[in-house]
Amino acid sequence: MDKLLLYFRYVSISLKTSMEYRYSFISHLFIQVFTYSINYLGIWVIFNKFETMNGWSYYEVVFLYSLNLLSYGLSAMFVWAPMRQLGDMVQQGTFDGILIRPLNPFFHMLAKNFTYGFLGHTVLASVVFGICISKLGISWSFMTIIWFVLFIFGAFLIQCAMFIIGGSLSFWFVNSSQLVDTFIYGIRRFVDYPISLYDTFIKVLLTFIVPYAFVNFYPSIYFLNKSSDTLFHPILQYGTPIVGILLFLLAYKIWSIGIKHYESTGS
Amino acid sequence: MRLYIEFIKNALLVNSTYRLNLFLRLFNRIIGLFISVSIWRALYGGTSETMSTMGSVSIKDMIMYSIISSAISVFISNNVIASMNDKIKSGQIALDLLKPINYKVWQFCNVVGRNISSVLLELVPVLIIGGLVFSFQIPTVINFIFFLIALLNGVIINFLITYILGILGFWYLEVWHFDRLLQDLVRLFSGAWIPLWFFPKVLVNISNYLPFKFIYFAPTTIYLSKVSYNEALIIILQQFIWIIGLLLIEKILWRKGIKKLVIQGG
């Protein structure tokens, strides 16, 4: 409980800092919203010409895309900046400063580096997501609401875990941000569209090795009732929360091993 | 002239030294190519052709379009905006301006050197993979020559746009904002992602007022013989008009910017 309070203290300080540079803050938000609006516009252009993408309609693809963007925006607010800074801190030796505080280093890094910069992604994705839900006429019951919350939470954890695993690599390879960016952003591009349209190799990769498909594809199968697009086994459509928790635990484990490794180098 | 050739050589060497960066860019490009081919195949479904504003377009055309688009992207990514911004912020630009060289030509030499090294290290792998996995369409000799001219003009237009945005750094220090906006606009309106022949009328009209379609779409339509020789010549003429226009804007801004330049410390 104390930790939670402390976390909010840190976050409110970071909000105050952002607000000092109001112009920069607003232009940053504008640019993020602009980039993703162009992507949405592109999807609209495609569906203006073609009716379906492998049986997926316009709003279904936008639903899928928004689920990825929403969970990305949410997770990036918490973990993008700390994991990005980690590489620099390890390189410059300033990470030692984190280790000598009477706080869990993981908690401290996250609390210190909350970023409002991804608010644009989150708000835009939520709005578009809302439009999709009403257009697709998804019928809500108690069970679907529970699943909905679990899916968003699971997707959030998966995206967080990917950032944390990527960031933790800095403990071994000092500044690995470029490598991590390429793999995270490169591979994540596949799930902007339904993965059922790729070759088997990609489907296996995104389901079992780098499980980004659980961020949006499998939840969409459940919500949009796309039983024709079931891959591997129908049970996977409920997998997101479990994959999220397991992956997050794995990420934390990798982080912990990384910190031990860092200490032993004694830089 | 010899001096500038040395600059080109220098940029070539620098670019080939950062092998990891090259490898990562290549990796991203190949992922992008596979995604777009998969998407077009999914959109076409079983049909092999669809009508567009430029006549019938086959799935083979679309695969070739994606390959050419990723090939062109090898020459389009440059770091002119970022490099000028760093120099303006750090004051380094004052030293560059003291040198007896034309600043713009020097920046362009960097781009050329970078591009020459990219041919071997990025373009060839993209073409080999594209050719092995998908099928290739070979244009006529005349179309290919027109294509090369249009491609070169496109690279120059892209360079001038980035250079102009770099000059804006004299007034506005957060130029990376422009860089992002430019990338977004290019992604959509150049046809790099979706060919303009699938665009609805409103967006085609907007793109006609912008130079971006001359970077990707125009060379590619020439390669795929979607335009006649006359139309190809008109496209190349339009590119020259844009180049002249951009050069004029650049001259005016540069003159004003240089007066405005204040070196902070240094």
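This is a predicted model: local features need pLDDT of at least 70, side-chain atom pairs count only at pLDDT 80 or more; totals for chains, interfaces and linings use all residues.
1. Make-up of chain B. Chain B contains 11 helices and two strands, and, read from the N terminus, its elements follow the order α-α-β-β-α-α-α-α-α-α-α-α-α.

2. Overall form of chain B. The radius of gyration of chain B is 20 Å, close to the 18 Å that the globule rule gives for 266 residues, so chain B is as compact as a globular protein of that length. The C-alpha trace of chain B spans about 65 × 40 × 35 Å along its principal axes, and buried residues account for 38% of the 266 residues.

3. Contacts within chain B. If one takes the contacts in chain B between residues at least 6 apart in sequence, 80% of them join residues that are at least 24 apart.

4. The side of chain B that touches chain A. Here 23 residues of chain B are in contact with 24 residues of chain A. On the chain B side, helix 2 (19–44) and helix 8 (176–189) each supply at least two residues, and the largest share, 10 residues, comes from helix 2 of chain B. By residue class, this side of chain B divides into 15 nonpolar, four polar and four charged residues.

5. A helix pair in chain A. The axes of helix 7 (residues 142–168) and helix 11 (residues 213–223) of chain A come within 9 Å and cross at roughly 160 degrees; because angles over 145 degrees count as roughly antiparallel, helix 7 of chain A is roughly antiparallel to helix 11 of chain A. The crossing in which helix 7 of chain A passes helix 11 of chain A is right-handed.

6. Residues joining that pair. From helix 7 of chain A, the residues in contact are Trp147(A), Phe151(A), Gly154(A), Ala155(A), Ile158(A) and Gln159(A), and they meet Phe214(A), Val215(A), Asn216(A), Pro219(A) and Tyr222(A) of helix 11 of chain A. The residues of this contact divide into eight nonpolar, three polar and no charged.

7. Lys260(A). This residue lies in helix 12 (residues 240–265) of chain A. Lys260(A) has 9 other C-beta atoms within 10 Å and is therefore exposed, the cut-off for that class being 12 or fewer. Lys260(A) and Phe171(A) are 89 residues apart in sequence, while their C-alpha atoms are 9.0 Å apart in space.

Technical notes
Residues are numbered from 1 along each chain as its sequence is written. Chains are lettered from A and ligands numbered from 1 in the order in which they are written. Axes are lines fitted to C-alpha atoms, for helices over the stretch in contact, and angles run from 0 to 180 degrees between N-to-C directions. Helices (H or I, at least four residues) and strands (E, at least two) are DSSP runs, numbered from the N terminus. Angles under 35 degrees count as roughly parallel, over 145 as roughly antiparallel, 65 to 115 as roughly perpendicular and the rest as oblique. A crossing is left-handed if the near helix is turned anticlockwise from the far one by less than a right angle, and right-handed if clockwise. Two residues are in contact if their C-beta atoms, placed from the backbone, lie within 7 Å. Ala, Val, Leu, Ile, Met, Phe, Trp, Tyr, Cys and Pro count as nonpolar, Asp, Glu, Lys and Arg as charged, and the others, Gly among them, as polar. The radius of gyration is taken over C-alpha atoms; the globule rule is 2.2 Å times the number of residues to the power 0.38. A residue is buried if 20 or more other C-beta atoms lie within 10 Å of its own, exposed if 12 or fewer, and partly exposed in between; C-beta atoms are placed from the backbone.
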